[in-house]
Amino acid sequence: MKRLFYQLRSYQERYNSRSAEVERFCQLIEMSERCACRDYFDPGHLTGSAWVVDESSSRVLLLHHGKLKRWLQPGGHADGEFDLASVALRETREESGLTRLSLVNEAIFDIDIHQIPSRGSEPAHLHFDVRYLVRADSSEQLVLSHESRDLAWIEVEQLQQYTTEESVLRMARNAIGCL
């Protein structure tokens, strides 16, 4: 948990304009160690995801999320884990079938807090998503998981044809300076 605090503060130094969001993450973590558990709903819980680029950094891996019905980066619940980089890598493997993945660096690439609608017995809640920049071997075959309707390598220049999600477009803009 201390490492996550350090990473968040380091992210805050690099992206001062995102200080309010960093403070909300830190408040969540200080509230309860259960904030990394998927059944912690008030106000929400931690998730980890990956902005996955190919070797040329010209394409990004997105999936069409089955429940949310939107093109998004791979990621998911922390399930009690505070090493969110490991969560991001695990979720990318599970959701894409890719195995040759590597973190570009250990730093947090992006953060986002977004609303998840109620579904079944789960109330509406927030996902406090910590994102990492990941490079993948695009020659590996993609394997669609049960959680997605589609999975594709998308040219960064064509991204707006797939999504208008500001957090996804922000990651595309931020990747330019990191690669």
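Helix α1 packs residues against helix α2: Leu4, Phe5, Leu8, Arg9, Tyr11 and Gln12 in α1 meet Ser19, Val22, Glu23, Phe25, Cys26, Ile29 and Glu30 in α2. By class, this contact holds eight nonpolar, two polar and three charged residues. The model is predicted.

**The helix pair**
- Helix α1 covers residues 2-14, and helix α2 covers residues 19-31.
- Their axes come within 9 Å and cross at roughly 170°.
- Angles over 145 degrees count as roughly antiparallel, so α1 and α2 are roughly antiparallel to each other.

**The whole chain**
- The protein chain has four helices and eight strands.
- Along the sequence, their order is α-α-β-β-β-β-α-β-β-β-β-α.
- The C-alpha trace spans about 45 × 40 × 30 Å along its principal axes.
- A compact globule of 179 residues would have a radius of gyration near 16 Å, and the 15 Å of the protein chain agrees with that.

**The largest pocket**
- The volume of the largest pocket is about 820 Å³.
- Its lining counts 37 residues, and the closest to the pocket centre are His65, Leu68, His77, Ile116 and His127.
- Strands β1 (44-53), β2 (59-65), β4 (75-77), β6 (110-116) and β7 (125-136) are among the elements that each supply at least two lining residues.
- Helices α3 (84-96) and α4 (166-178) also each supply at least two.
- By class, the lining has seven nonpolar, 15 polar and 15 charged residues.

Definitions and conventions. Residues are numbered from 1 along each chain as its sequence is written. This is a predicted model: local features need pLDDT of at least 70, side-chain atom pairs count only at pLDDT 80 or more; totals for chains, interfaces and linings use all residues. Side-chain values use heavy atoms; hydrogens and water are left out. Axes are lines fitted to C-alpha atoms, for helices over the stretch in contact, and angles run from 0 to 180 degrees between N-to-C directions. Angles under 35 degrees count as roughly parallel, over 145 as roughly antiparallel, 65 to 115 as roughly perpendicular and the rest as oblique. Contact means heavy atoms within 4.5 Å. Ala, Val, Leu, Ile, Met, Phe, Trp, Tyr, Cys and Pro count as nonpolar, Asp, Glu, Lys and Arg as charged, and the others, Gly among them, as polar. On a 1 Å grid over the protein atoms alone, a cavity is a set of points where a 1.4 Å probe fits but cannot get out, and a pocket is an open set with protein on both sides within 12 Å along at least five of seven lines; lining residues have an atom within 4 Å of a point. Grid points are joined across faces, edges and corners, and a volume is the space filled by probe spheres set on the points. The radius of gyration is taken over C-alpha atoms; the globule rule is 2.2 Å times the number of residues to the power 0.38.
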